[in-house]
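Here is a short briefing on one protein chain. Look through the sequence and the model, then read the points below.

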Amino acid sequence: MIKYRRFREERIWMFAVLLIIAYIMYVINSHIPMLQDDYRLGFVLTTLPDGSAWYTQNPIDSWSELASSWWNQRYHLTCGRLSDGICSLIMMLGGKTVFNVISAGAIIAYLCLLSCYCFKSIGVAQLLICFLLSIVFLPNIDGTVFWMAGWCNYFLPSILLLSLYLCIRKIEEGQIRLGMVLFASLLSVLCGAFHEGLGVPLFAALFANGVVKILKKEKNGWSYWVVVVCVGIGALVPASAPAMWNRASSGNSLLTAVGGLEPLLRQASIPLI
């Protein structure tokens with residue numbers, strides 16, 4: 001009875017901490033204005049006479065316009081990453097107000113996943129440590145958390161990545177179930193397709209990690225390689241987009257920076273080592 005009471009009190013305090021953090025994030029976001037890409041990504045793209053793309057004055061207000069604008073213009077002319085489509089979807093659903101709510105929920109998901117990854121449990125102390133360290137050490141927090149386009153490009157993928165890492169950990173521990181492998185495969189494709197700055201280095205890191213384990217004669221199950229293949233398939237979406245190669249030729253893309261691939265590969269590899 002005493003243990004149950006302590007467990008219940010711990011859960012109550014944990015939910016209280018999460019609600020307070022979510023409220024703080026919501027209030028902060030509510031007082032931050034929309035910035036350049038936040039507006040632009042809410043409007044239909046059109047092709048100009050010179051073959052380039054620019055935004056019209058027509059807001060995206062239907063699923064067909066969202067799909068058409070992303071595929072016909074963004075994928076072929078501006079960029080092939082999935083994150084821009086997510087930002088356009090948020091704008092279509094209600095703009096900044098919807099983003100404020102989703103962002104508050106996303107920070108809770110991020111803290112819970114980070115706590116599970118680092119401490120293998122979720123508690124008040126673990127959540128506070130993760131929150132404080134994230135505030136202090138998360139790079140460019142204004143551009144990655146509070147700016148909508150930056151949040152879609154950089155913060156939201158971190159939630160997918162943490163979820164995938166947790167699945168990989170369970171797979172490596174031998175906890176292999178068909179449902180989890182299917183879920184990990186879906187996460188892998190999303191991680192690969194979300195942003196070229198995540199998908200390409202992540203695929204390289206997971207592949208290198210698998211090869212190292214083979215060389216060390218450590219067992220690598222078939223499910224791990226399913227994840228690697230799915231990440232590679234997802235990474236092909238932005239990496240093969242005609243728009244990305246246009247950006248590469250203009251010097252405005254990660255694809256121009258083969259030298260920039262090395263630190264990204266190193267950063268993606270650190271949690272796997």
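Alanine 184 counts as buried because its relative accessibility is 0%, and buried means under 20% relative accessible area, exposed over 50% and partly exposed in between, with a 1.4 Å probe and protein chains only. The model is predicted: local features need pLDDT of at least 70, side-chain atom pairs count only at pLDDT 80 or more, and totals for chains, interfaces and linings use all residues. Residues are numbered from 1 along each chain as its sequence is written, and side-chain values use heavy atoms, with hydrogens and water left out.

**Around alanine 184**

- Alanine 184 is found in helix H9 (residues 178–194). Helices (H or I, at least four residues) and strands (E, at least two) are DSSP runs, numbered from the N terminus.
- Alanine 184 touches Leu164, Cys167, Ile171 and Val227, not counting residues up to four places away in sequence. Contact means heavy atoms within 4.5 Å.
- The C-alpha atoms of alanine 184 and isoleucine 168 are separated by 7.7 Å. Along the chain, these two are 16 residues apart.

**The whole chain**

- The protein chain has 13 helices and 2 strands.
- Of its 273 residues, 45% count as buried.
- Take the contacts in the protein chain with a separation of 6 or more: residues 24 or more positions apart account for 68% of them.

**Helices H8 and H11**

- The axes of H8 and H11 come within 9 Å and cross at roughly 155 degrees. Axes are lines fitted to C-alpha atoms, for helices over the stretch in contact, and angles run from 0 to 180 degrees between N-to-C directions.
- That crossing makes H8 roughly antiparallel to H11. The classes are roughly parallel under 35 degrees, roughly antiparallel over 145, roughly perpendicular from 65 to 115, and oblique for the rest.
- H8 makes the contact with Leu164, Ile168, Ile171 and Glu172. H11 makes it with Ser223, Tyr224, Val227 and Val231.

**Aromatic rings**

- How many aromatic pairs are there? The count comes to 6. Rings of Phe, Tyr and Trp (its six-membered ring) pair if their centres lie within 6.5 Å; planes under 30 degrees apart count as stacked, over 60 as edge-to-face and the rest as tilted.
- Tyrosine 117 and tyrosine 165 form a tilted pair, 5.9 Å centre to centre with 35 degrees between the planes. This pair links distant parts of the chain: tyrosine 117 is in helix H5 (residues 96–119), tyrosine 165 is in helix H8 (residues 148–172), and they are 48 residues apart. Both tyrosines are buried.
- Phenylalanine 207 and tryptophan 225 form an edge-to-face pair, 6.0 Å centre to centre with 75 degrees between the planes. Phenylalanine 207 is in helix H10 (residues 196–215) and tryptophan 225 is in helix H11 (residues 222–239).
- Phenylalanine 207 has a relative accessible area of 42%, so it is partly exposed. Tryptophan 225 is also partly exposed, at 23%.
- Phe203, Phe207, Tyr224 and Trp225 form one aromatic cluster.
- Arginine 169 lies over the face of tyrosine 117, at 4.7 Å from the ring centre. A charge sits over a ring if NZ of Lys or CZ of Arg is within 6 Å of the ring centre and within 35 degrees of the ring normal.

**Helix H10**

- The 20 residues of H10 should span 28 Å at 1.5 Å a residue, and its end C-alpha atoms are 28 Å apart, which agrees. The expected span of a helix is 1.5 Å times one less than its number of residues.
- Buried residues of H10 include Leu198, Leu202, Ala205 and Leu206.
- Lysine 217 follows H10, and its phi is positive, near 60 degrees.
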